[in-house]
Structure formats: structure tokens, C-alpha cells
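Take a look at the structure below. We will walk through it step by step, beginning at the surface and then turning to where the chains meet.

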Amino acid sequence: MAEPDKPAIAGSSGWAEFRAGAVAVLPAAIAVIPFALLLGALAARKGLSPLEVGLMSGLVFAGSSQLVAVDIWQEPAPWLLLGLTALTINLRHLMMSASLSRHLGGFGGFQRIFGMLCLADEIWALAERRAAQGRLHPAYYAGLAFLLYANWLIWTVAGAIVGPAVQDPAAWGFDFAFTAIFLGLIVAFWRGRGTALVMARLAVPSPRLARRRCWAVPGT
Amino acid sequence: MSVDPANLAAILAMAVATWFTRVGGLWLFRVVRLTPRSQAALDALPVAVLTAVIAPSLARGGAADLCAAIVTLLAATRLPLLPVVVIGVVSAVLLRNLMP
């Protein structure tokens, strides 16, 4: 199945697309703030300076791998172990960028590579949703990536500066924000019975479902 | 405020590893041919990954989180994402305190 020429959303300019992307990612950006603060505070406790925290957030920009890395961080930093840890945890991005690459028709060569370097779970899910609704505009993707990236950079550094004043987000129920975001996105992706089958296969590993060879074919 | 060389090396190793996973997907399909079957599998990927991400945390969370998830799902069928997240977090906090 070749990617059909999907019509652009009527009257959409680059700026409007950028704004739409930023608005779409806003809930995820707000939800991530407590965890960014926590990461910065934990990193400061391990002896990382705010500048080093900013470098890590700016260059790596992957929350869960950064949290695990800070957890195993020592003096001096074991670069090979930390690199392999990041590789293992972020290997899922390989499938995400592969899946997204089918919708990057409107992107230039540089935009494709730079866009994928800014990939994150939430950005990927929202970009896939946009592509499923119509056409994924580079400016929309830039809106997604810019807001989440700037937000992550600012709040992790803030966490490193504020340090001990930061509390565990789970104590306030903020950990459920990610579950809520992902549940909301599942509803957005819902395409009937086939989708339910995919979810059942992943959430409840049952031998009977596992034998069904076609579980991964929703609504096609 | 300074940058320790060992810390910088570790940050760069993490960055290069992560960049590889992010850009690698662009080249994956130049090597692997896309059949209609694998195309269909990729179409199912968003829901598959999202489910795999939330299922363990829901299982760990217990009955309160499960009820909050149902409330969130109901809200998601008719509201945009931001109110859904607010409703989800508020219901999780309430239910965790109300349910043992």
C-alpha cells in the first residue's frame, strides 16, 4: 500500500500548523514538569552541575533513560555502561522512527533527520495521530518538538538548581498523568475490534491469542 | 558551574546511542522491503506501544488506578486531551485515598 496523496488541511499556514502542534503537545509538556524537576534534583544529588544536567537533557532528551542513567551514575561516570543503558532503553525509538518515516513525505532531507533526532514517545504518538487524520506538516512536527524540548530543558535544569526542595511526583498523583495521556491517545487511535485485539494481545499474554497469527492487523 | 570530562563523555555516549535509535528507523526500510503484512503491523504499532507502556503501571497500581483508568477512558471518548489528563489525575488521587 503506497502512501496516498493526502490533502493538506484547508487554509493551514506554517505558523498555524506550528501552533496546532504546540497546543497538541501542551498536556504532555505540563505532565512532564514534575518528573523533569525530580530528574534534575536526583542528578544534582549525584554531583551533576546544572550545566551538565542541561547538556544531558539537550543532547539525550529521553526522560526514562535519563532517570535510569542518573540512578546508576557514579564518580567517575561509567560512560560505556551509561551509553549501553541509553541504547537499550531507547531502542523502541527505532521502531517509532521507522513507522513515522512513512509519513514524512512533506519533509526535506535535513528536516527528516533533525526531526527524528528530536523524537520522544509523546511526539511520536501525536505525529502518528496527525498523520492518521490527514497530512503531517513539518511545521506541526516542529511545534510538537519545540515545546516539549524547551520545556524539558528548562524544568530539568530548574530541578538541578532547586535540588532538595523537589518532592516525589507520585505523592501527588502526577505519575497517573502519563497513563491518562496514553489512554487518551489510544482512544484517538481506536479503529474497532482489531485495535482491541492488539491491546488484549499486549496487556494479557494468553496462549490462545498468541497463536492467532493475524493479531496485528487492525482495520485494514 | 563546570563540566567534568568523565561526565561529558558519559553524556555524549548516551546521546550518540539515542541518536542512533532515532535516525536508524529512517534507513530501516531501505534495507527491509515493506510487505502489506508488515505495513499493517506498523499501522498497529501506536496502540501496541501505548498499551505496552501503560499496562505494567496499571497492573502495579491496583484497583484504584484501574478505576481511574476507566474514568479516564470515558472522559477521553468526548473531551480533548488536556481535560482528560486533569480528570485522570484528580480521579487517581481521589480513588487512591478512598480505596484501600
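Start with helix α5(B), which provides the largest share of a nonpolar patch, five residues. Keep in mind that this model is predicted. The patch lies on the surface and has about 620 Å² of accessible area together. From chain B come B:Leu82, B:Val86, B:Val90, B:Leu94 and B:Leu98. A:Leu26 and A:Ile30 belong to the patch as well. Two helices each supply at least two residues of this patch: α1 (14-45) of chain A and α5 of chain B. A:Leu26, for one, sits in helix α1 of chain A.

Now turn to the contact between the chains. Chain A brings 74 residues to the contact, and chain B brings 64 residues. How big is such an interface? The size is often given as the accessible area lost when the parts come together. Here, the area buried between chain B and chain A is about 6,100 Å². Carbon and sulfur atoms give 76% of that area.

What about charged and polar links? The count between chain B and chain A is one salt bridge. In this bridge, the side chains of A:Asp175 and B:Arg96 meet at 3.1 Å, N to O.

Look next at the side of chain B that touches chain A. Helices α1 (5-31), α2 (36-43), α3 (45-61), α4 (63-76) and α5 (81-98) of chain B each supply at least two residues to that side. Helix α1(B) gives the most, with 23 residues. By class, this side of chain B has 46 nonpolar, twelve polar and six charged residues.

Notes. Residues numbered from 1 in each chain as written. Chains lettered and ligands numbered in written order. Predicted model: local features only at pLDDT ≥ 70, side-chain atom pairs only at ≥ 80, totals over all residues. Heavy atoms only, no water. Contact = heavy atoms within 4.5 Å. Buried area = accessible area lost by both parts, 1.4 Å probe. Salt bridge = Lys/Arg side-chain N within 4 Å of Asp/Glu carboxyl O. Helix = DSSP H or I, 4+ residues; strand = E, 2+ residues; numbered from the N terminus. Nonpolar A, V, L, I, M, F, W, Y, C, P; charged D, E, K, R; others polar. Patch = residues over 30% accessible without salt bridge, like charges linked within 9 Å, V, L, I, M, F, W, Y side chains within 5 Å. Areas by Shrake-Rupley, 256 points an atom, 1.4 Å probe, with all protein chains shown as cover.
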